[in-house]
Amino acid sequence: MATPPQPWWSGGVLYQAYPRSFADSNGDGIGDLPGVRERLDYLHWLGVDGIWLNPTFPSPNRDWGYDVADYFDVHPDFGTLDDLDALIAAAGELGIRIVLDLVPAHTSDRHTWFSDSRSSRESPRRPWYIWRDEAGEQESVFGGKAWTYDERTGQYYHHLFLSEQPDLNWMLPEVRDAFDEILRFWFDRGVAGFRIDVVHELVKDPPSRPNRAEIHDVLRRWRSLARGYDPERLLVGETWVMELDELARFYGSNDELQLAFNFPFMFAGLDASALEDVVARTEAVLPAGALPVWALSNHDVVRFPTRMCDEDEAKVRAALLMLLTLRGTSFLYYGDELGMRQVDIPADRVRDVHDRDGARTPLPWGDAEWRDPWLPLGANVATVAEQRADPGSVLSFCREAIALRRGREDLVSGDYVPITSPTGVWAWQRGSDTGVALNLTGSEATVPLTGQVLLSTNGRDDPARLEPWEGVVVALS
Ligand code: NOJ
Ligand code: CA
């Protein structure tokens, strides 16, 4: 029997481009969609399969796009719907897919749904949000109560995040229908999928229990909608749970999300036994045929070179090699490919309510400088232009790792099988004849691999002896 064709993200690499900070086409200091289009050649050269853009919708930006005021348009800072169509088309010609960021758990308080809802208790939109006579005890993620009193109608509404982000009532069939329409609108335009915000807390009633059964009803519904498209559209969830069996539930029986972000992996640190343990348990707990997702940074957490690598380049290369050689789908956060570090933000430049600006600063291109960028450039690594010209740079290494992966079936689809190794060394086999070993210690180590070195973090070619923090990919013999 022929194996069914694999979806495009299987074994692929996606690149998270934070749109305000990726590339600015018109010099207003804010990255935009034409900017992404102008830089597609770079992403093609790097070798990625898809781009995830953080929310591109009109928004008052209290939470930088995660407070959506209109789900059917593009924020004027980023351009127009035509710009998005043009980006999808141009990326498509290079074999790169565009994934948008859906924010279904809450809207902006400026969304007309909420203005209607708060206008009167009798409004047909009243039940679209969560209104109660009494405030509950729950705290919001950004501090303060998760309930705000609304004078006009004398009730409290619920918001897990800011009071300007009222939570939708996902128990209501009309809300579910409204989002079907939103998904179809973008899928019909050629959007390849969605990263879905706060999936683990989507349905709330009362608002106290993550990962409720009702969430999975919604996910099955969206999956069948995604399946109705050719190619099938991708649903990758922000599934912020720290138990892997909870994480596995978001895949359902391969009928919910195709990919669910793995936060236990992101926070394991650069520690061989902790990482090996998370990866082994992830592999064990996912339903057969499901794909793990690996990411080290995103727009909500401290950049990985600072958070887990002490800003040490050898460690950064080892972490990137791991990210790009595990089984599944890997996500690079823009700047990861340069080894970009967290940026210190002076008090008078702070924009975010939750201290995340340091991971959201503009990408240093080097060939065209940002003019008056919305966040300080804080370039703490060599620029894209410099690193592209240097075959020994982190960027060149990252590109080589992606190219090796794309060209070697074992790394695209081969199983992951751990290999017993000395303490502090983590080694595994992919497929029939590819081995990976990482020495995550400060001393030389021997590893049980023989064969030809295909890639090393430091350019050496001895597979058996690894320098401190060295990683290798080996064609096993
Ligand atoms: C998760 C997003 O990644 C984060 O940036 C945002 O603040 C919250 N969800 C609320 O939407
Ligand atoms: Ca701009």
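Donors here are N, O and S atoms, counted within 3.2 Å when the metal is Ca. With that in hand, here are the close-ups, all from a predicted model.

**View 1. The calcium ion (ligand 2) and its protein donors.** Follow the chain through the site and you can read off the spacing D-x1-N-x1-D-x1-I-x1-D. Water is not among the atoms, so the site may look incomplete.

**View 2. Ligand 1 and the residues around it.** There are 13 residues around ligand 1, and those that come nearest are Asp63, Asp197, His299, Asp300 and Arg356. Sorted by class, the shell is made up of seven charged, four nonpolar and two polar residues. As for where ligand 1 sits, the space it takes is the second largest pocket.

**View 3. Polar side-chain atoms beside the oxygens of ligand 1.** Start at His299, where a polar side-chain atom lies 2.7 Å from an oxygen of the ligand. Over at His106, a side-chain N or O atom is 2.9 Å from a ligand 1 oxygen. Arg195 also takes part, with a polar side-chain atom 3.0 Å from an oxygen of ligand 1. On its own, ligand 1 has 290 Å² of accessible area, and the protein covers 98% of that.

Technical notes:
Residues numbered from 1 in each chain as written. Chains lettered and ligands numbered in written order. Predicted model: local features only at pLDDT ≥ 70, side-chain atom pairs only at ≥ 80, totals over all residues. Heavy atoms only, no water. Near = heavy atom within 4 Å. Polar contact = N/O pair within 3.5 Å; in protein donor to acceptor, adjacent residues only side chain to side chain. Areas by Shrake-Rupley, 256 points an atom, 1.4 Å probe, with all protein chains shown as cover. 1 Å grid on protein atoms, 1.4 Å probe; cavity = no way out; pocket = protein on both sides within 12 Å on 5 of 7 lines; lining within 4 Å. Sits in = over half its atoms within 2 Å of the grid points. Nonpolar A, V, L, I, M, F, W, Y, C, P; charged D, E, K, R; others polar. Donors = N, O, S within 2.8 Å, 3.2 Å for Na, K, Ca; no water.
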